[in-house]
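Trainee: Could we go through this model together, one piece at a time?
Mentor: Gladly; here it is.

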Amino acid sequence: MMMRRPVLQNAKLLVADAAKAAKRGDDSEAVRLYERAMNHPNASITVVAGAAYEAGVLHEKLGNLDRATDRFRRAVGLNHKHSGAQLA
């Protein structure tokens, strides 16, 4: 029997799952999922920028200020009009 490789999860689905995790208070899981979406090979720039911003918000909440700053910079670098990241 041949083993199948798992299907690569869509970046938008990862973002949706991350938002659900954040809503239920599982910030560590949400960050993990946002980071996966940011690094997804088929993610659009808009999805990556949004995931980077949300990961930055959660990193800041968790006290990881260097990582938060890095994610906010990435969001602005990808989408210079990302108002939330500009204010962070």
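Predicted model: local features only at pLDDT ≥ 70, side-chain atom pairs only at ≥ 80, totals over all residues.

Trainee: OK, and how many residues does α1 have?
Mentor: Helix α1 has 13 residues, 11–23, and from its first C-alpha to its last it reaches 18 Å, which is close to the 18 Å expected at 1.5 Å a residue.

Trainee: Which residues of α1 are buried?
Mentor: Those are A11, L14, A18 and A21. Looking down the axis of α1, you find these buried residues within an arc of 75°, so they line one face of the helix.

Trainee: What covers them, then?
Mentor: The cover includes α2 (27–38) and α3 (45–61).

Trainee: Switching topic: how many aromatic pairs does a search of the whole structure find?
Mentor: The search finds one. Y53 and F72 form this pair, which is tilted, with 5.7 Å centre to centre and 45° between the planes.

Trainee: Which helices do Y53 and F72 lie in?
Mentor: Y53 lies in α3 and F72 in α4 (residues 65–78), so the pair ties together parts that are 19 residues apart in sequence.

Trainee: And is F72 buried or exposed?
Mentor: F72 is buried, its relative accessible area being 8%, where the cut-off for buried is under 20%.

Conventions. Residues numbered from 1 in each chain as written. Heavy atoms only, no water. Helix = DSSP H or I, 4+ residues; strand = E, 2+ residues; numbered from the N terminus. Expected span 1.5 Å × (residues − 1). Buried < 20%, exposed > 50% of the residue type's maximum accessible area, 1.4 Å probe, protein only. Arc of directions from axis to C-beta. Contact = heavy atoms within 4.5 Å. Phe/Tyr/Trp six-rings, centres within 6.5 Å; stacked < 30°, edge-to-face > 60°.
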